[in-house]
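Have your viewer open and your selection tool ready. We will go from stop to stop, and at each one you will hear what to select and what is there.

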Amino acid sequence: MTVSFPASRTRAVLKKLTALYADMDAAYTAAAAAAGLSCAGCAENCCTSFFQHHTNVEWLYLREGLAKLPPERRQTYEDRARDYLAQARQALSRGETPQVMCPVNDDGLCGLYGHRLMICRLHGVPNVLLAGMNIREFPGCGPCQRLTAAGKEAKAMDRTPLLRRLAALEMELWGSKPGRPPKVDLTLAEMIVAGGPGGREE
Ligand code: SF4
Ligand code: SF4
């Protein structure tokens, strides 16, 4: 299902999302410093992880980042995204979890660093999420788990308020229309190939 949002509302919500991302970055930086975690020189590039993004508002943010790129670079990422999907489909058809490098990763570095989405901003440090009456705990990435196993004390980052703000922005983008925004459950490659919640803008 494709869906469109008014341009003025989209601009206003994306501005708030930029502020939310700054708060996520600050929370992550503090948690990583407490855990002694640094991505510099990490041999386990987590950009091959297979995961999905879940909001229209972040999809629009990604589209905005792609639109700012020089056309050749954007084309490269789109071509890589199609290759990614083909490789991921093959792995899934074999019953395996795909382990394919993210299509916007350039030799280990994120080519959309300023426009990366929430999961990419928060992955790595130990964190907790309150879901209803349940607390879900995440131990952090492999290098972080090894640091804590070696005795490093690391207070878990609470993702709950950050996710609530993201959910509120998703609803603000939706506006006063009845119902709820269509659910998104897409890899970055799928988002790039599909173009945006409203389809491709050629
Ligand atoms: S988040 Fe963890 S696994 Fe990913 S690059 Fe940083 S240290 Fe490595
Ligand atoms: S968007 Fe950037 S940080 Fe996220 S997986 Fe891709 S290359 Fe890595």
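Predicted model: local features only at pLDDT ≥ 70, side-chain atom pairs only at ≥ 80, totals over all residues.

**Stop 1: helix H1**

Now step back and select residues 7–35, which form helix H1. Its 29 residues should span 42 Å at 1.5 Å a residue, and the end C-alpha atoms are 41 Å apart, so the two values agree. Next, highlight the buried residues of H1: Thr10, Val13, Leu14, Leu17, Leu20, Tyr21, Met24, Tyr28, Ala31, Ala32 and Ala35. What covers them? The cover includes H2, helix H4 (118–122), helix H5 (142–149), strand E5 (157–158) and H6.

**Stop 2: where H1 meets H2**

The axes of H1 and H2 are 10 Å apart, and the two helices pack at an angle of about 90 degrees. H1 is therefore roughly perpendicular to H2. On the H1 side, show Thr10, Val13, Leu14, Leu17, Thr18 and Tyr21; on the H2 side, show Val57, Glu58, Leu60, Tyr61 and Glu64. Sorted by class, this contact has seven nonpolar, two polar and two charged residues.

Stay with Glu64 of H2 for a moment. Is Glu64 buried, partly exposed or exposed? With a relative accessible area of 30%, Glu64 is partly exposed. Beyond its neighbours within four places in sequence, Glu64 is in contact with Leu14 and His115.

**Stop 3: where H2 meets H6**

Asn56, Val57, Glu58 and Leu60 of H2 meet Leu166, Glu170 and Leu173 of H6. This contact is made up of four nonpolar, one polar and two charged residues.

**Stop 4: a glutamate in H3**

Select Glu78, which sits in helix H3 (residues 71–93). Glu78 counts as buried because its relative accessibility is 14%, below the 20% cut-off. Setting aside neighbours within four places in sequence, show Ile192 and Arg200, the residues in contact with Glu78.

**Stop 5: Asp107**

Go to the loop between strand E1 (105–106) and strand E2 (109–110), where you will find Asp107. Most residues other than glycine have a negative phi. Asp107 is not a glycine, yet its phi is positive, about 50 degrees. Asp107 is also exposed, with a relative accessible area of 84%.

**Stop 6: the two ligands**

Centre on ligand 1 and show the residues around it: Leu37, Ser38, Cys39, Cys42, Glu44, Cys46, His123, Gly124, Cys141 and Pro143. This shell divides into six nonpolar, three polar and one charged residue.

Then move to ligand 2. Which residues are around ligand 2? They are Cys47, Cys102, Val104, Asn105, Cys110, Cys120 and Leu188. By class, this shell has six nonpolar residues, one polar and no charged ones.

Definitions and conventions. Residues numbered from 1 in each chain as written. Chains lettered and ligands numbered in written order. Heavy atoms only, no water. Near = heavy atom within 4 Å. Nonpolar A, V, L, I, M, F, W, Y, C, P; charged D, E, K, R; others polar. Helix = DSSP H or I, 4+ residues; strand = E, 2+ residues; numbered from the N terminus. Buried < 20%, exposed > 50% of the residue type's maximum accessible area, 1.4 Å probe, protein only. Contact = heavy atoms within 4.5 Å. Axes fitted to C-alpha atoms, helices over the stretch in contact; angles between N-to-C directions. Parallel < 35°, antiparallel > 145°, perpendicular 65-115°, else oblique. Expected span 1.5 Å × (residues − 1).
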